[in-house]
Amino acid sequence: MDQFIKTAFTRRTLLAGASIGLVSSRLSAQQPADVKVGLLVPISGMYARFGTVMREGAEMAIDHINAQGGVKALGGAKLKLVVLDCGDTTEKAKNAAQRMVAQEPDLVAASAAYLSSFTLAVTEVTERANLPVLTLSYSDLITDRGFKYVFQTSATAASQAGQALPQIIKLAETASGKRPKTVAIITDNTAASVASTKSMREGLLAANGLQLVVDETFTPPLADATSLVQRIRSAKPDLLFFLPSVISDAKLVLE
């Protein structure tokens, strides 16, 4: 987080420096310029619920900071939120990122883009524009690419899986009185889900004494969950890891 703030501040300083020569004689009499930050999240499509919540949270944070006097380190400059809709596909997300860097060249930093698949596409664009991006997405690939302007606050998917699995096994053993031995994985093909299950398949399950008996990956949205449910019922695994990114997919399987 500290490095993200330093990078964003450096970008702000460079943007300000570019205009000082034009307004130097009047600078001292002017109010500090707004600090523009971007939020690129799904506001439309099947992920809109999550993006809307993120937008509302960002708006609350911006209002709170501005009500407290703005960014004191910048002379009380007010934060201004620029919201862009990344839609519900990686192509839409990439296009939205291209519009953002083209239409808002004075952005200091941005946050993106809920789904890891979208964040991967968006940060390919923002990295070329030297725009710092803070993300809550957790696919390992986001920070494994060696990018300098991407900052990931969440634990990566592989790290989460490695930390959670032993605890899940303990909980299952406590609840059932026996240690689970078999497991089923039902997941969609979005980047975070793929990253989570990749580490499981590549040694994590075996290291914890679990045998994978069902392994299914689908493309959201899920139209019919019948065959997936039948496979689970037939295999009767001790544990089920179900990793959808769309609420409607979860309802289809669980109901």
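## Strands and their pairing

Two strands pair if DSSP finds at least two bridges between them. Helices (H or I, at least four residues) and strands (E, at least two) are DSSP runs, numbered from the N terminus. This is a predicted model, in which local features need pLDDT of at least 70 and side-chain atom pairs count only at pLDDT 80 or more, while totals for chains, interfaces and linings use all residues. Residues are numbered from 1 along each chain as its sequence is written, and side-chain values use heavy atoms, leaving out hydrogens and water.

With that in hand, look at Ala 184, which stands opposite Leu 240 in E8. Strand E6 (residues 182–188) and E8 pair in the parallel sense over 5 bridges. They belong to an open sheet of 3 strands with parallel pairing, in the order E7-E6-E8. Strand E7 (211–218) and strand E8 (239–243) are its edge strands, each pairing on one side only.

## The whole chain

The protein has 9 helices and 8 strands. Of its 255 residues, 41% count as buried (under 20% relative accessible area; exposed is over 50%, partly exposed in between, with a 1.4 Å probe and protein chains only).

## Two nonpolar cores

A nonpolar core is a set of buried Ala, Val, Leu, Ile, Met, Phe, Trp, Tyr and Cys residues joined through side-chain atoms within 4.5 Å. The largest one has 20 residues, and Leu 40, Met 100 and Phe 118 are among those with the most contacts inside it. Strand E2 (79–85), helix H3 (90–103), strand E3 (109–112) and helix H4 (116–128) each supply at least two residues of this core. H3 gives the most, with 4 residues.

Apart from this core lies another, of 12 residues, including Ile 185, Leu 205, Leu 239 and Phe 241.

## Salt bridges to look at

A salt bridge here is a side-chain nitrogen of Lys or Arg within 4 Å of a carboxyl oxygen of Asp or Glu, and by this rule the count comes to 9. In one of them, Lys 36 joins Asp 106, with the closest N and O atoms 3.2 Å apart. Lys 36 lies in strand E1 (residues 35–41) and Asp 106 in the loop between H3 and E3, so the pair ties together parts that are 70 residues apart in sequence. Lys 36 is buried, at 15% relative accessible area, whereas Asp 106 is partly exposed, at 36%.

Arg 55 and Glu 59 also meet through their side chains in a salt bridge (3.8 Å, N to O). These two are 4 residues apart in helix H2 (residues 48–67), about one helical turn.
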